[in-house]
Amino acid sequence: MNNFLNINEITLTELESILEDAHRLKKSLEPGFKGLRRDNRLEGCNLGLYFQKPSTRTRLSFETGTMQLGGKVINIRPDEIHLNEGESIEDTAKILSLFLDAIVIRLFKEEHLYEFANSANIPVINGLTNDSHPCQVLTDIFTFQELRGNISEKTVVWFGVANNVLNSFLHASTHFNFKIIFCGPEKFKPQKKVLDLRPRGKERFFEIESDPIKAVKQADLIVTDKWVSMHDKPLNEKDLEELMRFQINKTLVDKGKKEVLFMHCLPASKGLEVTDEMFKDKRSVVFEEAENRMHLQKAILCWCLKKIS
């Protein structure tokens, strides 16, 4: 059994096998209803979804993907189980393992993810925590490579506020050998504890550039996210004013490479981190990125259950 908790804990060979399977799964799709069974690899599988935070893309992509592979999905609402009524994470993980074949969990605290995984007897998939979002980032790599080829030796520029998605990009960069440039206010740069996780000798894959124009000229891929993550406190007026310097807009992106791509994990706050014009620009692949979540989630599930074809 394989857990999918964080990208830096999985070998490059395994990550590449997931990406290759996602490409095969997407290519094999035929026209028809989204819920049609496309493959029988997960026939008989009961996948559990337990989300402490809201979800649109992660939930739907895992649900639809599992059904396309012949499996079933059980949504477990936080207000329906005893985890929030005194039962421990350890006991909950053991109980859920009795009835499920795998589980996707979206939690606030990263340490609770690992506590759950250490107690579970089934594969655990990280559907997002405050510190990481590996499913999203592997999808972004999948999407980039589908459109532009190998991401190795390319440059990803992250604008705005460092968050869980950027953390997972940093994990991925040292495996896939691409550079991450953070471009945003000093106050919102990546935390030292995240940068300290990089393997020795891989420091060259990260740098900080405070000038948006200098940063965008280096970018093969531009990425941003909401400046305020789910359940975080609103920003004050001074912070918002400073962050507007790092907004993704057509004027800025036009100064970059002709073939640059723009991604956003969604949902977006249009008019803040990205303008509506840039969101709809031909260089924006946010909806291709969102669709690819399903193909990638299917491959992750197959890898976790050792069903990679």
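Visitor: Where is the place of Ser173?
Guide: Ser173 sits in helix α6. Helices are DSSP runs of H or I with at least four residues, strands are runs of E with at least two, and both are numbered from the N terminus. Before we go on: this is a predicted model, in which local features need pLDDT of at least 70 and side-chain atom pairs count only at pLDDT 80 or more, while totals for chains, interfaces and linings use all residues. Residues are numbered from 1 along each chain as its sequence is written, and side-chain values use heavy atoms, with hydrogens and water left out.

Visitor: Why is Ser173 called buried?
Guide: Buried means under 20% relative accessible area, exposed means over 50%, and partly exposed is in between, with a 1.4 Å probe and protein chains only. Ser173 has 2% relative accessibility, so it counts as buried.

Visitor: Which residues does Ser173 touch?
Guide: Leaving out residues up to four places away in sequence, Ser173 touches Phe178, Ile180 and Phe205. Contact here means heavy atoms within 4.5 Å.

Visitor: What makes a group of residues a nonpolar core?
Guide: The members are buried Ala, Val, Leu, Ile, Met, Phe, Trp, Tyr and Cys residues joined through side-chain atoms within 4.5 Å. The largest such core has 53 residues, and Phe4, Ile125, Phe169, Phe176 and Phe178 touch the most other members. Helix α12 (residues 286-304) supplies the largest share of this core, seven residues. Another core lies apart from it, with 19 residues, among them Ile222, Leu252, Leu266 and Val286. In soluble globular proteins, nonpolar side chains tend to be buried together.

Visitor: What does Ile125 touch?
Guide: Not counting residues up to four places away in sequence, the contacts of Ile125 include Phe4, Phe62, Ile103, Cys135, Ile300 and Cys304.

Visitor: How do you know how many disulfides there are?
Guide: A disulfide is a pair of cysteine sulfur atoms within 2.5 Å, and a search of the whole structure finds zero. For Cys45, the nearest cysteine sulfur is that of Cys302, 9.1 Å away, and Cys45 is in no disulfide. Cys304 is in no disulfide either; its nearest cysteine sulfur, that of Cys135, is 8.4 Å away.

Visitor: Are Cys45 and Cys304 buried or exposed?
Guide: Cys45 has a relative accessible area of 6%, so it is buried. Cys304 has 0%, so Cys304 is buried too.

Visitor: Why is Glu153 called exposed?
Guide: Glu153 has 58% relative accessibility, so it counts as exposed. Glu153 lies in the loop between α5 (134-148) and β5 (155-159). Its phi is near 70°, a positive value in a residue other than glycine.

Visitor: Why is Asn177 called partly exposed?
Guide: The relative accessible area of Asn177 is 25%, so Asn177 is partly exposed. Asn177 also has a positive phi, about 60°, although it is not a glycine. Its loop runs between α6 and β6 (179-183).

Visitor: What joins Leu266 and Pro267?
Guide: A cis peptide bond does, with omega about 0°. Pro267 is found in the loop between β9 (261-264) and α11 (276-279).

Visitor: What volume does the largest pocket have, and which residues lie nearest its centre?
Guide: The volume of the largest pocket is about 840 Å³. Its lining has 39 residues, and Asn163, Asn164, Ser229, Met230 and Asp232 lie nearest the centre. α6 gives the most to this lining, with three residues.

Visitor: How many cavities are there?
Guide: The count is one cavity of 30 Å³ or more. About 40 Å³ of space lies in the largest cavity. Its lining includes Asn8, Leu170, His171 and Thr174, and α6 gives the most to it, with three residues.

Methods: 1 Å grid on protein atoms, 1.4 Å probe; cavity = no way out; pocket = protein on both sides within 12 Å on 5 of 7 lines; lining within 4 Å. Points joined across faces, edges and corners; volume = space filled by probe spheres on them.
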